[in-house]
Amino acid sequence: MRRRKFLMGAGGICVGLPMLRTFYDGRDARAAGGDNEPTRIITMAYPMGTHLPFWTPDAVGSEFNLGTITEPLAPFVDRCALISNCPHSVYDLGGGSYVYGHPAKKEGTLTGTLLQSAFTGDGSNTVENVLPDSNPGDEVQTPNGPSVDHVIGEGLITSQHQRASVDLGVAGAGGPAGVQNSSFFYEAAANPVTLSAHPGQAFVSLFSAVTPDDGEVDEVFMALQRRRKSVLDAVRESFVDLRQGLDASDRAVLDDHADKIRQIELDMPPLAACSLPEGIPEADEAYANMPMTEFGDLTNRLMAHAMGCGIAPVGRIEYTGQQNPYFGIPTVDDGVTALGGDWHQAVHADGVAPDADLRTYGFQFFVQQFADLMGYLDAIVEGPDGRTALDNSLMLLASDYGEGNGHASRDLCFVVAGGSGPGRRNFHFDGQNNTVNDVLTTLIQMACVTHKDGSPIEEFGLAGFGAAPISELLV
Amino acid sequence: MSRRRTRDWGWAWTLGALLTVPGCYSGHQSSATAGAEGDGGDADDGDGSGDDGEPATLECDEIGAQSLRRVSSDQYRQILADLLPPQFGEAALAASTFPATLITSGFSTYAVANTVSSNESIAMEDNADAIAAVFLEGIDGYAPELVPCLSTGFSDSDIDGCIDGFVSEFGARAFRRPLTEGETQLITELYADITATDGAEAGLAAVLQFFLQAPPLLYVTERVGDGPDGFTLLAPNELAVRLSLLFSNSAPDAELLAAVEEGRLVSRDDVEREARRMLATPGAVRAFATFHHEWMHGFVLGDAVRIHDQWTDDSSAGLAAELRTLGQWIFEESDGSFHSLMSTTEFPVDDRLADIYGTGGERRGLLMTASVMASLAHESRTSLIERAAFIRANVLCSPSPPLPGDVDVDGTLEDNTDEPTARGRLQALMTTPACSGCHTSMNPLGFGLEAYDWVGAYRTTENGATIDTTAEINLGTLSGSFANAAELIDALAATDEARDCYATQWFRYTMGRPETLEDACVLGTIKESFAASDGDIRELLVAIAVSDAFMFRQTGASE
């Protein structure tokens, strides 16, 4: 593993982070700048939904009992808000196949919009451009806008961060899956986030810049950094020359890439003596037949330490195995095997009782992973007042379905967690009179991310759809 | 589809003046094929083209829009393999971490498969950094190899003396065109800056590191131009790049560059000449290997897991590699025809797949190979619907219509879960009114292929029951009763639809995009040529190369 160190102030190398171009409707996002604001957003997404009677708390408001599936949140319920039964109404604009079935669901969960193929006119992400009854089809497509985590991240990133995001995937079928395109997370329309689903490789990539011990200047390393920065300067300048004489859409592609080069051009400050996660195997063989209980734990620890080291303001974990993930939970795995099918089939099969253990504990698994991640973050102290990484985070647990057995998206549920910002905690909210776009807009306000002029971002997702923050979820 | 004549014209930096020459392009088929299109014109010059080396003119009213593309990860690696000298090149490619192109639809050449996310831009920078580090570690041996001006035991001042020539020569090959003044200045300033603080060796490494991630290497850029009626003939160097990416998956070779330099890449004759020349070079096998691997979704097998006695490390590696190997065989060993591709019984079998193929079965062509059967399957069972839908969409270019908006997928189908075979379990889809409209025409395409399991091994039973491989098909010219998949595939291979779809797939692969309505005229010409050549795949590629869509682009709005 190559060691890299980044020192502040030596040789005039350290420069501030250049202004980032936003991809969100041309508005610049920034953090509002107050105390007790989240410094990061961490989102965990998983497929196939849940079983609502066992997910939903028994009452709305602040006095409630968790369901069987959400029981793992108990140690942290004072820092959680549960949102149940929320329809993703934007799908109604797309026609029948947008409401039912799998296509477009993952893509729409965190972006609040439809697939690009559902739009006409100039293709912009507005209600006016939506084609009625467009039908998503079966081919893999991309949504017409970024996911909410990306927008929040644009407002939270600072010159102290090494990169824009930490993006990890948990492969379902046992064994590392290398690099994969996300189905839930997008930096822009047609630009899915790429996930690393190999913990060993992710460890090397994320932590090669961490120096947990001394702070001596390494001249060889400094020379490397000078070369990197100068080369990146030249690469970015060469985009200017290249775009001459191209048409507008081609120039936009180059401009987008040049912006990303700009993002890399950081003189990294020295990372604090942050701890590295231990016991992350490097070899592919270590992951052969690894169950998700173990794979997910490695991923959680990588994420927690990466966040604790301040590597990025955005963390994403996606469970990518929809068809037949290997849970590592005998009740679930043996139950699925006994059915002769796979997890996806077990969730949808009419012959399986809705409250069957194999479903309940399969669905609970994802909530448990979220709770475990909260635990790892809560173990990282981030300030003299004892605030932890969990306290300073805004977290979101989301899935593309509410009731997994059905194929409709009229009852999505979310867990919002973390200890900072104006979001209400220790609270259960019934979202049946709101929309998923309202939830996503509320999340942006919970993150204290505003327009550049300080005005609040009032609508996220499909523009003109009418999303608005949910006041009951904000204090 | 309509055709019209356009005025010939030239581009300023090559010919210096507009030409107004009446006449039409009288055809570009080989001498074995039928003759001219258009309404008369210039005298035939003996090769059937009649364009006398004059710049090509449009034959169609319109062509589809072409957006900016980045080279795929395969193309990047091949470009590096051809750009760098052998020893350093081998080490560089071993260290390369260039992000892999992830195919989500279509081919690896599609623009959408090669967008640049934040993580990918970091990976590209890491890639260049890693290769530069390798160069520096072995600079004593690598530098004289990379920079011919340097000899063993070179000094810093030797590098200073050679750098301008290196930037100019290497840069022209890396960028696939001569460097502009601005680019030359940018790079020499980079060299000077780094050399001033860290020495000439670091400066040379920085220049290399720049080239490895420079946008002119990464992107296939084509100028807007100012052609009449909204279309521009590509500049010669732009044509050279398109030809080289199609026929070698790499940058233009020396002969192609010479043709550009000498003004011999302006007419359809010129393009045809280079296309045929390149088809005879070893590099052309790459296009065949890559295209067939991707067309048949061989990329699925890279990360796939199959629960099966015959799924071993060896066999899975063999399956993942099979389609590329067969693409190569089609190019090098067969008669290169569509019919052979689809119906041959002579495909070589990889040793690692001997056990799978040893299970028997009557196979035909590419569709019934073990790798295709394995890629169109689930982890522990076949996927009849997926295979049927694949044939419709990818082999007949007639995808199933989308799910109707009024279909309630939560509705209960007749419970056939106790049926031992997939055909039986899915029978309800062919009898339930809301589903039967699509599934009666689609499902039978997969019945015969059920005899090949989820690793492509032959079987006659499923769960103890005999697999019924008979099928009644009613899809245009593919109609009739078929006893098994081999009969069906033979009939499929003989249809115009399948042949035309194959031409369309190559068009998509070449252009890096799906066809649009504006491509109807161009595609029609290409399909006619392919049919007239009796399905000769090489002739198809030549037809694509000399087509309007390949040689022209829409004139967009520039700054």
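Among contacts in chain B between residues at least 6 apart in sequence, what share join residues at least 24 apart? The share is 70%, with contact meaning heavy atoms within 4.5 Å.

This is a predicted model, where local features need pLDDT of at least 70, side-chain atom pairs count only at pLDDT 80 or more, and totals for chains, interfaces and linings use all residues. Residues are numbered from 1 along each chain as its sequence is written, chains are lettered from A and ligands numbered from 1 in written order, and side-chain values use heavy atoms, leaving out hydrogens and water.

| Item in chain B | Value |
|---|---|
| Helices | 27 helices |
| Strands | 8 strands |
| Buried residues | 58% of the 559 residues |

Now look at helix H8 of chain B, residues 200-213. Its 14 residues reach 20 Å from first C-alpha to last, close to the 20 Å expected at 1.5 Å a residue. H8(B) is mostly covered, with 13 of its 14 residues buried.

Next, a helix pair. The axes (lines fitted to C-alpha atoms over the stretch in contact, with angles from 0 to 180 degrees between N-to-C directions) of H18(B), residues 384-395, and H21(B), residues 433-442, come within 10 Å and cross at roughly 80°. H18(B) and H21(B) are therefore roughly perpendicular (65 to 115 degrees). Ile385(B), Ala388(B), Ala389(B) and Arg392(B) of H18(B) meet His439(B), Ser441(B) and Met442(B) of H21(B).

Conventions. Helices (H or I, at least four residues) and strands (E, at least two) are DSSP runs, numbered from the N terminus. Buried means under 20% relative accessible area, exposed over 50%, partly exposed in between (1.4 Å probe, protein chains only). Angles under 35 degrees count as roughly parallel, over 145 as roughly antiparallel, 65 to 115 as roughly perpendicular and the rest as oblique. The expected span of a helix is 1.5 Å times one less than its number of residues.
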